[in-house]
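Hello,

Here is the structure for your files. My notes follow below it.

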Protein chains: 2
Amino acid sequence: MKKTILVFSGLILALILLFQISTFSIHSGHLKIEFILAIIAIVFLIIGIYINKKSLHNKVKDSNEINHQKLKDLEITPREYEVLQAISEGLSNKEIATKLFLSESTIKTHVSNVLLKLNAKRRTQALQIAKKYHII
Amino acid sequence: MKKTILVFSGLILALILLFQISTFSIHSGHLKIEFILAIIAIVFLIIGIYINKKSLHNKVKDSNEINHQKLKDLEITPREYEVLQAISEGLSNKEIATKLFLSESTIKTHVSNVLLKLNAKRRTQALQIAKKYHII
DNA sequence: ATTTATTTGGTACTTTAGTATGACCCTCCT
DNA sequence: AGGAGGGTCATACTAAAGTACCAAATAAAT
């Protein structure tokens, strides 16, 4: 955030400077008007593209970002979350057990808890709900 | 596509006109230079924002759009695809059967075919692969 | 008109998934 | 010290998912 403020402050200063130079140059006749206009146009076109890229990029990011608050609200523990992620990778309970060096029983316990907390009847439904909540 | 060409042609013409008016106004002294500069700046800022919004929007759209070609390549039939979509909604075979007015046997057949065609061992894995292929 | 692809459905079977319950261990907190 | 929360694992069970067949109807294509 601090970076953004600094960048924008510098940008505004640079633009004012550009304006002043432009008007001065035109008045004194050092540069052609068309040239100045073209520079202004290009500079602001680039600024426009840049601003939009930033804001849209953040939007896209947000919609893909994990909602950690929701995870807390649902009281899903770290281990349970690991299992949920493994489910979203299409792994079976046995495969998840191997991956996390646990027994299948433990995975079943975790899965059952996740289903309870997400209010899902099946792991596929859990995935759908988890996506809705932006937690995977 | 035709629309885009027309819009851009019009836009370029308008900009050239704006340029001509600007230079004329400045030379004849009807308007202040600062005013002209400000208008040029704002216009191009807006154009920059607009161009970027268009291109980025299409990018986002593309990444979420269904790859119909891939569906054909995988030889997934319409009915099988319906079942795949129902799976991604977290439904059980019985629920899918009810939804599509079919027997559970039929759903099982479709599911098995989808798993074969997607080279998946489970429905959750099918979902993961289908997402990778952008077909859901 | 015969082939081809799609869709539907069945039986019988194996494998996974999921539930219920209880137990043990650890760590952090008061 | 006792309790709460998290993690691990087991048994025993039910439910769901998935496989392997087979069979038959339909519609589109050649």
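On one side of helix H6 of chain B, Ser105(B) and Leu116(B) are exposed (over 50% relative accessible area, 1.4 Å probe, protein chains only; buried is under 20%, partly exposed in between). The model is predicted: local features need pLDDT of at least 70, side-chain atom pairs pLDDT 80 or more, while totals for chains, interfaces and linings use all residues. Residues are numbered from 1 along each chain, chains are lettered from A and ligands numbered from 1, both in written order, and side-chain values use heavy atoms, without hydrogens or water.

The buried residues of H6(B) are Ile107(B), His110(B), Val111(B), Val114(B), Leu115(B) and Leu118(B). They cover an arc of only 135 degrees around the axis, so they sit on the same side of H6(B) (arc: directions from the helix axis to the C-beta atoms). Their cover includes helices H4 (78-88), H5 (93-100) and H7 (123-132) of chain B. Helices here are DSSP runs (H or I, at least four residues), numbered from the N terminus. Asn119(B) follows H6(B), with a positive phi near 60 degrees.

Now the cores (buried Ala, Val, Leu, Ile, Met, Phe, Trp, Tyr and Cys joined through side-chain atoms within 4.5 Å). The largest has 46 residues; Ile96(B) and Leu118(B) are among those with the most contacts inside it. H4, H5, H6 and H7 of both chains each supply at least two residues of this core. A second, separate core of 20 residues includes Ile26(A), Ile36(A), Ala41(A) and Ile40(B).

Beyond neighbours within four places in sequence, Ile96(B) contacts Val83(B), Ala86(B), Ile87(B), Leu91(B) and Ile107(B) (contact: heavy atoms within 4.5 Å).

Best wishes
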